[in-house]
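Reader: Please take one side chain in this model and go through its surroundings closely. After that, carry on to whatever else deserves a look, with the figures included.

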Amino acid sequence: MAATQRLELRQRQSLVMTPQLQQAIKLLQLSNMELAAEVDREIEQNPLLDREDSSKETLLEAPSVDQRDPEFDPAAGSDAEPGKEAGAADTSADSQNNPDNSLAENGVADSLDRANAEQLPSSGDSPLDTDYDNVFTNGDAWEGGSDEAAFSNRGLSQARSNENDFSLEQRLSDEITLRQHLSDQLQLMIADPVERAIGNCLIDMLDDSGYLSDDLTTLGEQLGCAQERIEATLEKLQRFEPSGIFARSLAECLAIQLRELDRYDPAMQALVENLETLAKGELARLKKICGVDQEDLADMIAEIKALDPRPALSFDGEVAPPVIPDVLMRPDRKGGWVIELNSDTLPRVLVNSSYYAQIHTQLRSKKEREYLSERLQSANWLVKALHQRATTILRVATEIAKQQDAFFRKGVEHMKPLTLRDIATEIEMHESTVSRVTSNKYIATPRGTFELKYFFTASIAGADGTAHSAEAVRHRIKLLIDGESGKKILSDDTIVALLRKDGVDIARRTVAKYREAMRIPSSVQRRREKSAPVN
């Protein structure tokens, strides 16, 4: 059969990841704080996007989750009616189903914003943040006694201009970092240029806790310097402040601090060299190693606990930022739950249709019209994507509250096993969508703030066929260990037997894994700690 060329037209369906779809997926997995930064970048690139005025914000709220319990009265902790609290308003079904309604109001909103902008004071008027108690009018004068002490308006204006040159922000001192603090000491304490170069390298090698974790032999090869010279320089640097800096281990860090306190005697040295024995609670063995009695050992351990094992954190230690919830949950008077998005962190944007209509008629070239049309389409898509993201998060959070209702009312012991597929099946979405929604997002509940991923736990079979949540089982194990006495320490086998009496079919290795994950020592170590207390 001869090979010939021909044209054929075929139809087929395929899933194409368009840029708009990729953007929607990206927005879905961002938290509210990350979303705000992304929206700011879009506003900078798109002249048709404007941030919505906070005074016109409305709260996007999910329908109340009605899970009534006769033993629970959620109305006792809620004085305000649902959707009537300050700064919150219910979103109607029409506005949620038709997000384009907000686009139709853009022209009115933009006109109002422009009218408000025209009423703002000019540059010659008083600024909004003026402290009027410190402003002199035409008839004001300082009552200091003489006319020479009176301030004229011209002198006051000159004083104001001078204050602008030396503002309060310029008078504030910068926060000194650890490396700056050590570099200043290096310049003062060490004059040899070679030792200064070694010291700068050692400063750069410090980790977040102030330790030297890298091998100094490699540093000697890089600098072409003898190892003895590096060790001698390190010995000088270990006298710097904060005390304990430039240590290569915890024992060396504690030894440096004890030397400065003149408490590094042979007994204390033996204790520092046997920190592992101290961690195991083998106090009887430590008394023999250190050659002291129980009272002296107790004093030595108290001195060790008073030291700083991470000296660098006093300078560069950054305070962990507080968790800002993306979803808010509160009890309803009817006995259910009200789920709503955190409007304080949720960015809101509008399409400036009046600006589009103004410049659309002034365009001349085809390239300009195509650019403006593309920006309008991108702005409309972003608004719809943000609305779809909010709706999806509310649906997932509402279903989680429905599935874990017993946890919110009675505690962690009543948490039920839950998977992403369970939520996806109920809300008729794909499992990957639920996974993106629950990542890096937090919900504030009456029982605390939790990550949405927290409510998805593995299932542990029960003796009666009822499944138990792994988080609930971990909580039971912790309660059993916390309630044990010094004379009756519960082993892992004993914990397994107690849990099986409660209907939890669990293996010993699973109990050991959960115990180690909660950083609870073994029964042998707990028996040593409780049988030989240090007074």
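**A ring and its neighbours**

Author: Tyr454 is partly exposed, at 24% relative accessibility. Its ring pairs with that of Phe455: the centres are 5.6 Å apart and the planes stand at 80°, so this pair is edge-to-face. Phe455 itself is buried, with a relative accessibility of 0%. The model is a predicted one, and these values are computed from it.

Nine aromatic pairs occur in the structure. In one of them Tyr454 meets Phe407, with ring centres 6.2 Å apart and planes at 55°, so the pair is tilted. Edge-to-face would need an angle over 60 degrees. Phe407 belongs to helix 20 (residues 405-410), while Tyr454 sits in the loop between strand 6 (448-451) and strand 7 (459-460), so the contact ties together parts that are 47 residues apart in sequence. Phe407 is buried, at 3% relative accessible area. Ring pairs extend this into a cluster of Trp337, Phe407, Phe408, Phe450, Tyr454 and Phe455.

Next come the charged side chains. The whole structure has 23 salt bridges. One of them joins Glu38 to Arg41, at 2.5 Å from N to O. Both residues are in helix 2 (residues 32-45), three residues apart, which is about one turn of the helix. Glu38 is buried, with a relative accessible area of 8%, whereas Arg41 is partly exposed at 42%.

Asp40 has a salt bridge to Arg51, and the closest N and O atoms of that pair are 2.1 Å apart. This pair links distant parts of the chain, since Asp40 is in helix 2 and Arg51 in strand 1 (residues 49-51), eleven residues apart. Both count as partly exposed: Arg51 has a relative accessible area of 39%, and Asp40 has 34% relative accessibility.

Another salt bridge runs between Lys236 and Glu195, 3.1 Å from N to O. Lys236 is partly exposed at 34%, but Glu195 is buried at 10%. Salt bridges with shared partners join Asp192, Glu195, Arg229 and Lys236 into one network.

Most residues other than glycine have a negative phi, and most peptide bonds are trans. The bond from Glu241 to Pro242 is cis, with omega near 0°. Pro242 is in the loop between helix 11 (227-237) and helix 12 (250-260). Phe246 is also found in the loop between helix 11 and helix 12, and its phi is positive, near 65°. Phe246 is buried, with 0% relative accessibility. Glu428 likewise has a positive phi, about 60°, without being a glycine. Glu428 is placed in the loop between helix 21 (420-427) and helix 22 (431-438), and is exposed, with a relative accessible area of 74%.

Last, the surface carries a patch of negative charge made by Asp293, Glu295, Asp296 and Asp299. Of these, Asp299 lies in helix 16 (residues 294-305) and is partly exposed, at 43% relative accessible area.

Definitions and conventions. Residues are numbered from 1 along each chain as its sequence is written. This is a predicted model: local features need pLDDT of at least 70, side-chain atom pairs count only at pLDDT 80 or more; totals for chains, interfaces and linings use all residues. Side-chain values use heavy atoms; hydrogens and water are left out. Patches are made of residues with over 30% relative accessible area and no salt bridge: like charges are joined within 9 Å, nonpolar side chains (Val, Leu, Ile, Met, Phe, Trp, Tyr) within 5 Å. Accessible areas come from the Shrake-Rupley method with a 1.4 Å probe; for residues, only the protein chains shown count as cover. A salt bridge is a side-chain nitrogen of Lys or Arg within 4 Å of a carboxyl oxygen of Asp or Glu. Lys and Arg count as positive and Asp and Glu as negative; His and the chain ends are not counted. The place of a charge is taken as NZ of Lys, CZ of Arg, CG of Asp or CD of Glu. Helices (H or I, at least four residues) and strands (E, at least two) are DSSP runs, numbered from the N terminus. Buried means under 20% relative accessible area, exposed over 50%, partly exposed in between (1.4 Å probe, protein chains only). Rings of Phe, Tyr and Trp (its six-membered ring) pair if their centres lie within 6.5 Å; planes under 30 degrees apart count as stacked, over 60 as edge-to-face and the rest as tilted.
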